[in-house]
Amino acid sequence: MKLLIPGPVTTRAEVRAAMAEDIAPWDNDFRPVLSDIRTRLLAIAGGLPETHTALALQGCGHFITEAALRSFLAPAGEPGAGRILIPAIGAYADRMARLAREAGRDVVSMDLPDQIPVDPAAVAAVLATDPAISHVGMVYSETGTGVIHDAAAIGAVVRAAGRRMIVDAVSAFGALPLDVSAQPEIDAVMFTSNKCFEGLPGLGFAVCRLDGLEANKGRAGSWSFDLQSIYEMGLRSPGSFRFTPPVQVLSAFRVALDIYQAEGGQPARLARYRANLDTLYDGILRLGLSPYAPRAHQGPVVMNTHAPADPAWNLQTFVDGLKRRGFLISNFFNTPTPSFRVGCIGAITPEDMRSFVDSVDAVLGEMQVRNRSPQPAAA
Ligand SMILES: *Cc1c(COP(=O)(O)O)cnc(C)c1O
């Protein structure tokens, strides 16, 4: 089965095979695995050991995002309280805002169109009128809409305004460029083991600025989600995890990193995903279906297509038909209007995408979906 979803992604057999061994995380043979992963991730992010650290946390992307918000942003109502501006540009930006609010952080939202990248000038204007905003929270690749937001351009206005930035790069990091040394305004960039690195799910990572971590020390309000505490554990006992990690996922992640680097790292991965997307986008147009995002703003991670207007359309039936042909896509959508979404990331190639597009055509035929124009609500 090929998973065409933006996480968990299709993995290579070598990656899955690396999980087939029982091992304990504190074993002296295993500790170097975590140390090695942290060192390599720091380098991939462009971080230097003097200014940055790469940390790992058990769990999914929401967990590492909550941990970063708690660890860098002081709670509302306390001296030195932070305030975070989160442009509302899709489902994952909304999730970041909810995580921050429920952690008792002060959130300012900003309504923006969701099908185009965030305008840095609009962010600069809000920062200029509200000096209490300490941070901007942004989603680099908005997995809800498929649009890529310009982390460097938004970072430049955040830096110019003397504020800090927290970047959800969960569906971006590893494929889209990001250099934390060139963007010193970034306090934390978050990602996971199972998206663009093509590992198994179970681990979140954050590349963090040491000064930002230190500045908010003791204020996470959660032991589980305290990145400073994780950092200190690493200093006291290199290679150690606080609490039991999914050890086999770590072993598999190291193999995934080897493959990533052998493939040519970030530029090569971006090129493959871009080729996957181009094949898919062309195919969707050829089938007479309507993409959700305009081509110019469509990122290489996930593509949404408007649900066809035909009364015979049914997302679950469509998903089941594709599954019988060897492709699994999401049976839900994250756009304001009905759509279906297809991931372009994971161990898949343009060849897989060509075959997927043929399957879409065949399944729509089977379902007797004749009217392929978008549903009226979306028009
Ligand atoms: C996948 C994803 C997450 C995290 O999702 P989990 O299900 O918690 O792993 C967060 N942000 C973005 C942009 C994502 O694509």
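## The largest pocket

Helix α4 gives the most to the lining of the largest pocket, with 4 residues. Helices and strands are DSSP runs, numbered from the N terminus (helices are H or I runs of at least four residues, strands are E runs of at least two). The structure is a predicted model, in which local features need pLDDT of at least 70 and side-chain atom pairs count only at pLDDT 80 or more, while totals for chains, interfaces and linings use all residues. Residues are numbered from 1 along each chain as its sequence is written, and side-chain values use heavy atoms, with hydrogens and water left out.

Both α3 (61-72) and α4 (91-102) supply at least two residues of this lining. A pocket is defined on a 1 Å grid over the protein atoms alone, as an open set of points with protein on both sides within 12 Å along at least five of seven lines; a cavity is a set of points where a 1.4 Å probe fits but cannot get out, and lining residues have an atom within 4 Å of a point. The largest pocket has a volume of about 330 Å³. Of the 22 residues that line the largest pocket, Gly61, His62, Tyr92, Val170 and Lys195 are the closest to its centre. By class, this lining holds 9 nonpolar, 9 polar and 4 charged residues. Here Ala, Val, Leu, Ile, Met, Phe, Trp, Tyr, Cys and Pro count as nonpolar, Asp, Glu, Lys and Arg as charged, and the others, Gly among them, as polar. For volumes, grid points are joined across faces, edges and corners, and the space filled by probe spheres set on the points is counted.

## The ligand

The ligand sits in the largest pocket, in the sense that more than half of its atoms lie within 2 Å of the pocket's grid points. Among the residues that surround the ligand are Cys60, Tyr92, Val139, Asp168 and Ser171; a residue is near a molecule if one of its heavy atoms lies within 4 Å of it. The shell around the ligand has 4 nonpolar, 5 polar and 2 charged residues.

A polar backbone atom of glycine 61 is 2.8 Å from an oxygen atom of the ligand. The protein covers 85% of the 380 Å² of accessible area that the ligand has on its own, as computed by the Shrake-Rupley method with a 1.4 Å probe.

## The second largest pocket

The second largest pocket has a volume of about 260 Å³. Of its 15 lining residues, Arg38, Thr39, Thr53, Ala54 and Tyr231 are the closest to its centre. The elements α2 (31-44), β2 (52-58) and α8 (227-236) each supply at least two lining residues, and the largest share, 5 residues, comes from α2.

## The largest cavity

The structure holds 3 cavities of 30 Å³ or more. About 100 Å³ of space lies in the largest cavity, whose lining includes Leu34, Leu57, Met233 and Phe241. The elements α2, β2 and α8 give two or more residues to this lining, with the largest share, 4 residues, from β2.

## Backbone features

Most residues other than glycine have a negative phi, and most peptide bonds are trans. The peptide bond from glycine 7 to proline 8 is cis, with omega near -5°. Phenylalanine 243, in the loop between α8 and α9 (247-263), has a positive phi of about 70°.

Methods. A polar contact is a pair of N or O atoms within 3.5 Å; within protein, one must be able to donate a hydrogen and the other to accept it, and residues adjacent in sequence count only if both atoms are side-chain atoms.
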